[in-house]
Amino acid sequence: MTKIDDVARLAGVSTATVSRALRGLPTVSAATRRRVLAAAEQLDYAVSPSASRLAGGRTGTVAVVVPRITRWFFSTVVEAVEEHLHQSGYDLLLYNLGGRKQIRQRVLRTANLHKRVDAMMLVATPLRPADLTALAALDLPGVTISSGSRVPNWPCVRIDDVAAARTATRHLLDLGHHRIAHISGDPEDELAFTTHLDRRRGYQAELRAAGLRPDPSLDVESSFTIDGGNRATAELLARGEPPTAIVAACDEMAMGAMTALRDAGLRVPQDVSVIGIDDHDLAGLLGLSTIAQPAAEQGRLAARMLLDPLGAGNLDPIVGQRGTGPDTSVILPTRLVVRESTAPPRAH
């Protein structure tokens with residue numbers, strides 16, 4: 001079987017040069033590339049991805065870190081990232097933090113990680129100062145997705161969470177609602193990402209823009225889950241007069257809110273309107289109005305931006321020209337999707 005060493009010997013170049021030439025990298029001159037291609041054709045050499053990586057001192061693997069893989073957003077992003085990495089000849093090494101401190105330390109504070117991966121992707125992962133110091137020491141290219149901590153010299157792909165919540169709140173205001181509640185994430189959660197903080201700011205800002213003062217009794221915190229939305233809404237109803245509408249910080253919380261309202265004998269949207277943010281796969285089935293965010297596109301775009309410094313990227317016009325700068329923050333648009341869960345408040 002012909003090996004990359006045989007091609008290198010015949011072409012009179014190093015194995016690393018053969019690898020770069022066969023991958024079409026711009027660091028190889030046209031004359032050298034022709035010589036390598038001719039040698040490979042003469043020897044009937046088929047490129048081995050693993051051999052090509054090793055010759056270039058690479059592992060061919062990218063580490064992807066998520067807070068909790070069971071959540072819709074994270075699983076959707078990871079699936080899109082894995083698909084793009086696979087098409088580019090890279091493998092994905094997934095780290096699911098899941099609230100486990102030992103996993104966090106092993107991922108973000110181990111000096112051996114750079115021997116296992118070529119790059120890192122952090123998906124909505126909040127970072128402490130010690131984490132940022134550890135990441136800098138790893139000296140790996142990386143990218144972040146969604147809200148969380150920005151890493152110096154790493155690009156970021158996200159949506160505008162403040163604007164998304166403002167749009168959701170504005171939809172309810174336009175329908176005639178004034179007593180609008182908000183259910184959001186728990187800041188005491190060890191792995192709580194900053195999405196819920198930005199969405200709360202958007203909700204409050206839009207109320208103020210409409211001349212309304214945010215009411216703390218209409219703002220309840222819980223986990224970013226269906227159960228969390230259920231518990232938050234039950235607590236909201238126990239506080240007294242029900243709101244006429246609810247902005248949920250994510251669709252899963254909105255689904256839990258709809259269940260809690262039904263259990264309390266209230267109808268959606270006749271008694272209480274509900275809107276979420278995400279456009280979860282089940283949102284259409286449940287008739288949930290929402291602010292749709294392009295979760296899969298965030299994953300694909302971040303993967304392209306991550307592979308670009310490795311010589312495997314192919315950025316499309318949504319970012320601009322190839323070679324996007326390390327501090328780039330790409331904000332993808334969201335859109336209002338109106339379904340059956342929102343309607344004008346019932347006249348009393």
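## Overall architecture

The protein has 13 helices and twelve strands, where helices (H or I, at least four residues) and strands (E, at least two) are DSSP runs, numbered from the N terminus. This is a predicted model, in which local features need pLDDT of at least 70 and side-chain atom pairs count only at pLDDT 80 or more, while totals for chains, interfaces and linings use all residues. Residues are numbered from 1 along each chain as its sequence is written, and side-chain values use heavy atoms, with hydrogens and water left out.

Of the 348 residues of the protein, 50% count as buried; buried means under 20% relative accessible area, exposed means over 50%, and partly exposed lies in between (1.4 Å probe, protein chains only). The protein exposes about 15,800 Å², of which carbon and sulfur atoms supply 51%, with accessible areas taken from the Shrake-Rupley method with a 1.4 Å probe and, for residues, only the protein chains shown counting as cover. Among contacts (heavy atoms within 4.5 Å) between residues at least 6 apart in sequence, 68% join residues at least 24 apart.

## The nonpolar cores

In soluble globular proteins, nonpolar side chains tend to be buried together. A nonpolar core is here a set of buried Ala, Val, Leu, Ile, Met, Phe, Trp, Tyr and Cys residues joined through side-chain atoms within 4.5 Å. The largest such core has 34 residues, and those with the most contacts inside it are Ile-180, Ile-183, Ile-246, Val-247 and Val-274. The elements that give two or more residues to this core are α8 (161–175), β6, α9 (195–209), α10 (226–238), β8 (245–248), α11 (251–263) and β9 (273–278). A second, separate core of 27 residues includes Val-157, Met-305, Val-330 and Leu-332.

Ile-183 is found in strand β6, which covers residues 180–184, and this residue counts as buried because its relative accessibility is 0%. Leaving aside neighbours within four places in sequence, Ile-183 is in contact with several residues, among them Val-220, Ile-246, Val-247, Met-253 and Ala-257. Ile-180, again not counting residues up to four places away in sequence, touches residues including Leu-172, Leu-173, Tyr-203, Leu-207 and Val-247.

Helix α11 has 13 residues and reaches 18 Å from its first C-alpha to its last, close to the 18 Å expected at 1.5 Å a residue; the expected span is 1.5 Å times one less than the number of residues. The helix is mostly covered, since ten of its 13 residues are buried, including Met-253, Ala-257 and Leu-261.

α11 is followed by Gly-265, whose phi is positive, near 85°. In the loop between α11 and β9 lies Pro-269, which is joined to Val-268 by a cis peptide bond with omega of about 10°.

## Salt bridges

A search of the whole structure finds 16 salt bridges, a salt bridge being a side-chain nitrogen of Lys or Arg within 4 Å of a carboxyl oxygen of Asp or Glu. Asp-6 forms one with Arg-9, their closest N and O atoms being 3.1 Å apart, and both residues lie in helix α1 (residues 4–11), three residues apart, about one turn of the helix. A pair in helix α9 is Arg-201 and Asp-198, also three residues apart and separated by about one helical turn, with closest N and O atoms 2.1 Å apart. An α-helix has 3.6 residues a turn, so residues three or four places apart point the same way.

The side chains of Asp-271 and Arg-346 also meet in a salt bridge (2.9 Å, N to O). This pair links distant parts of the chain, 75 residues apart, with Asp-271 in the loop between α11 and β9 and Arg-346 in the segment after β12 (335–337). Asp-271 is buried, with a relative accessible area of 16%, whereas Arg-346 counts as partly exposed at 44% relative accessibility. Arg-166, Arg-170, Asp-174 and Glu-206 are linked in a network of salt bridges.

## Features in exposed loops

Asp-44, in the loop between α3 (30–42) and α4 (49–55), has a phi near 55°, a positive value in a residue other than glycine, and Asp-44 counts as exposed because its relative accessibility is 67%. Asp-139, in the loop between α7 (129–138) and β4 (142–145), likewise has a positive phi of about 55° although it is not a glycine, and Asp-139 is exposed, with a relative accessible area of 66%.
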